[in-house]
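Have a look at the structure below, then work through each task before reading its solution.

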Amino acid sequence: MSDRKNPYEMIGGAAKIEELVDRFYDLMALEEPFEALRAIHSQDLSSSREKLKLFLSGWLGGPDIYSPKHGHPMLRARHLPFKIGLKERNQWLACMYRAMEDCGIDSQIGAQLEESFFNTADWMRNQAN
């Protein structure tokens with residue numbers, strides 16, 4: 001049996017995902033540099049927090065707890081109603097990278113996650129700018 005861990009295990013599992021997502025949304029809600037990102041979310045962030053926690057579990061290699069509750073993630077389709085350009089992408093990434101740092105995500109797995117988050121966030125763009 002292999003001792004290799006997946007990203008979910010490497011960052012600390014469900015508890016660390018919860019901490020990361022909570023920090024991400026707290027930063028987004030409170031920090032001025034993320035105001036454009038905050039503006040495209042609903043006033044109540046509780047549903048967004050829950051969905052990101054569930055999604056990240058499976059995306060990082062842990063239990064698939066998003067799909068049984070919400071169906072296939074269809075990330076791009078679910079985000080098409082929102083204008084996502086370079087500014088929103090960059091704010092999302094900056095907010096997530098800072099949350100990872102604040103939560104003490106190990107730099108080795110952090111670098112891998114940053115690349116994966118960038119690729120996903122860039123794919124979500126639906127504005128030419």
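**Exercise 1.** In which helix is the place of K16, and is K16 buried or exposed?

*Solution.* Step one: K16 has its place in helix α2; helices (H or I, at least four residues) are DSSP runs, numbered from the N terminus. Step two: K16 has a relative accessible area of 18% and is therefore buried (buried means under 20% relative accessible area, exposed over 50%, partly exposed in between; 1.4 Å probe, protein chains only). Step three: leaving out residues up to four places away in sequence, K16 touches I11, C103 and I105, where contact means heavy atoms within 4.5 Å.

Two notes before going on. This is a predicted model, in which local features need pLDDT of at least 70 and side-chain atom pairs count only at pLDDT 80 or more, while totals for chains, interfaces and linings use all residues. Residues are numbered from 1 along each chain as its sequence is written, and side-chain values use heavy atoms, with hydrogens and water left out.

**Exercise 2.** Describe how the axes of α2 and α4 cross.

*Solution.* Start with the geometry: the axes of α2 (residues 13-30) and α4 (residues 46-59) come within 9 Å and cross at roughly 140°. Axes are lines fitted to C-alpha atoms, for helices over the stretch in contact, and angles run from 0 to 180 degrees between N-to-C directions. The two helices are therefore oblique to each other (under 35 degrees is roughly parallel, over 145 roughly antiparallel, 65 to 115 roughly perpendicular, the rest oblique). Next, the residues: I17, E18, V21, D22, F24, Y25 and D26 of α2 meet S48, R49, L52, K53, L56 and S57 of α4. Finally, a network of salt bridges links E18, D22, D26, R49 and K53 (a salt bridge is a side-chain nitrogen of Lys or Arg within 4 Å of a carboxyl oxygen of Asp or Glu).

**Exercise 3.** Which residue forms a salt bridge with R23, and which with R89?

*Solution.* For R23, the partner is D102, with the closest N and O atoms 2.8 Å apart. R23 lies in α2 and D102 in α7 (residues 86-102), so this pair ties together parts 79 residues apart in sequence. D102 also meets R98 in a salt bridge (3.8 Å, N to O). For R89, the partner is D122, at 2.6 Å between the closest N and O atoms. D122 is partly exposed at 27% relative accessible area, whereas R89 counts as buried at 11%.
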